[in-house]
Amino acid sequence: MMKNVDVDVVVVGAGFSGLYLLYRLREAGFSTRVFERGGDVGGTWYWNRYPGARCDVESLQYSYSFDEQLQQDWHWPEKFSAQPDILAYANHVADRFNLKKDIEFNIEVKASRFDENLKAWKITTNTGEEIDAQYFIMATGCISTTQIPNIKGLSDYVGNTFHTGDWPHEEVDFSGQSIAVIGTGSSGIQSIPVLAKQAKKLTVFQRTPNYSIPSQNEPMTKKYERSWKDVYSERRKEMRYSAHGSLKDLNDVPALSVDEDQRQELYTKRWAIGGTGFLGSFNDLLTNADANYTAAEYVRQQIKRVVKDKETAEILCPRSYPIGTKRICIDTGYFETYNRENVKLVDISKKPIQRLVADGIIVDDQLYAFDSIIFATGFDAMTGSIFNVDIKGRGGLALKEKWNAGPKTYLGLMSASFPNLFMITGPGSPSVKSNMIMSIEQHVDLVIETLLSMRRKGLSVVEPELEAENKWVDHVQEVANKTLFPQANSWYMGANIPGKPRLFMPYIGGVGAYREICEEIVANNYRGFKFEKSKQAIAAE
């Protein structure tokens, strides 16, 4: 350890990134302090406790691969596990490897400044403590900063308000209540069917309809579990070099190369299987607008088949963007919920919410009265949780200022002028366009190997070269622009936050391709990074 710092590494966040970082850092002999604003481990799965919350990646894939015995021992109860089971898994991992003793809960890191003389980060918490650390690692997650739209009269409403991403830890009973859900993204689509069964009356306020595929979730069978666990290491290796970091049945055929009947037959099969694999029906659904239309139209027809009221069905049909260019949702009985007598849909695409008043919501001069309002309005994704910390690099440059026109990173891992600052699954990496835990493991392993290499070579500072960073930023946009993704006003583009720059933030080039790029950069003596020697190494020369 450098003698002029308090600790080698400070990590912000104790979700899946923070836990694996702590495990690897401790194993490598780096002194580490981990700060977590929540009361326990779990990150996203600690905060997102809303009814119906579950992962849209199969649990046997959305789990750590770094420890074979952990993989074999843990049993998932369902194919797509619910939030309580994922949180239980995070706690099991933390307990199994005795990680909690090195995590400081209910503490927020408020600011971090790079001291150019010390060549280290000065980090301040909400308790007023200041820590000097050689390395500063943001493991804050991509979708962990909740956002509520700036609706007029928000403070005038006197009923109960909730956000799906910051749900109470005790159970909420909506029985006998008239409730509103604002938003039909992933959390709205997951929670609405559950809430509809509880509430006396449920009104959904929808601005933009979403494409959603039935999950066809089912209890985990011993046979299916064994089909993975018997060959886990081989499957994991394949996942690491796959397009999405997960194994899906991808049909390597263009949609328009087969006739209409064949297309319909395949879409119907995929719909019956369920899950995001629907987008793997053909190989050009996200690059060819005409091909995409065939898949989008199939989903619209399914919505019209399920939803009995024609007007409601039409409002629920997405038409303003290609399927898959916003996060594809998977659901359990979502569209069927609109056939319930206690459920009403209000279209706010043309006539938005005017204001909130003491007893409810006004739209088109009509009052809708509610006991509770639930905001399923999403997150300030990719950058929001990073900006929660006031980060200043060389010359006092604020990261928020540098990223004023959009995030600029090298590999989504580091940003020029911010030495020794690492971001796990940051903007410019596959992150949210991948199986997050696969991408987390890859990024953490890359960071740890970099720190070990620096320690061996007597290096104390690492930073991206500006030219390499600029080329990577251009490459991320270039790859995105070859797809249909930029056509949607999605949170991938920052479009859900007023004033946020519009550019595609994740790297869409593929998890495997990204991993190979990183491996090639490391093999070429960390091409695009520059290093400085430690004072001790210079003195020894």
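This is a predicted model: local features need pLDDT of at least 70, side-chain atom pairs count only at pLDDT 80 or more; totals for chains, interfaces and linings use all residues.
The phi angle of Thr425 is near 50°, a positive value in a residue other than glycine. With a relative accessibility of 3%, Thr425 counts as buried.

A second residue with this kind of backbone angle is Asn525, whose phi is near 55°, again positive in a residue other than glycine. Asn525 belongs to the loop between helix 15 and strand 20 (529-533), and its relative accessible area of 58% makes it exposed.

| Residue | Relative accessible area | State |
|---|---|---|
| Thr425 | 3% | buried |
| Tyr50 | 8% | buried |
| Asn525 | 58% | exposed |

Tyr50 is placed in the loop between helix 2 (44-47) and helix 3 (68-73). When residues up to four places away in sequence are left aside, Tyr50 touches Thr164, Trp167, Ser187, Gln190 and Ser191.

Five strands, listed as 7-16-8-9-12, make up an open sheet whose pairing is parallel. Its edges are strand 7 (160-163) and strand 12 (343-347), each of which pairs on one side only. From one strand to the next, the twist averages 20°.

Strand 8 (residues 178-182) is joined to strand 16 (residues 372-375) by 4 bridges, and the two run parallel; within this pairing, Val181 stands opposite Ile374 in strand 16. Helix 5 (residues 186-198) packs on the sheet, where it touches strand 8, strand 9 (201-206), strand 12 and strand 16, and its direction makes about 155° with that of strand 9. Strand 8 is also joined to strand 9, by 5 bridges and again in parallel, and here Ser178 stands opposite Lys201 in strand 9.

The residues of strand 8 are mostly covered, 5 of 5 being buried. Ser178, Ala180 and Ile182 point one way from the strand, while Ile179 and Val181 point the other way, and all are buried.

Strand 13 and strand 14 (residues 360-363) run antiparallel and are joined by 4 bridges; in strand 14, Gly360 is the bridge partner of Val357.

Helix 1 (residues 16-28) contains 13 residues and reaches 18 Å from its first C-alpha to its last, close to the 18 Å expected at 1.5 Å a residue. Of those 13 residues, 11 are buried, so helix 1 is largely enclosed by the rest of the structure. The buried residues of helix 1 are Phe16, Ser17, Gly18, Leu19, Tyr20, Leu21, Leu22, Tyr23, Arg24, Leu25 and Ala28. Just after helix 1 comes Gly29, which takes a positive phi of about 85°.

Helix 13 (residues 436-457) and helix 15 (residues 511-523) have axes that come within 11 Å and cross at roughly 5°. Because of that angle, which is under 35 degrees, helix 13 is roughly parallel to helix 15. The contact brings Met438, Ser439, Gln442, His443 and Leu446 of helix 13 against Val511, Tyr514, Arg515, Cys518 and Val522 of helix 15. The residues of this contact divide into 6 nonpolar, 3 polar and 1 charged.

How values were computed
Residues are numbered from 1 along each chain as its sequence is written. Side-chain values use heavy atoms; hydrogens and water are left out. Axes are lines fitted to C-alpha atoms, for helices over the stretch in contact, and angles run from 0 to 180 degrees between N-to-C directions. Angles under 35 degrees count as roughly parallel, over 145 as roughly antiparallel, 65 to 115 as roughly perpendicular and the rest as oblique. Contact means heavy atoms within 4.5 Å. Ala, Val, Leu, Ile, Met, Phe, Trp, Tyr, Cys and Pro count as nonpolar, Asp, Glu, Lys and Arg as charged, and the others, Gly among them, as polar. The expected span of a helix is 1.5 Å times one less than its number of residues. Buried means under 20% relative accessible area, exposed over 50%, partly exposed in between (1.4 Å probe, protein chains only). Two strands pair if DSSP finds at least two bridges between them.
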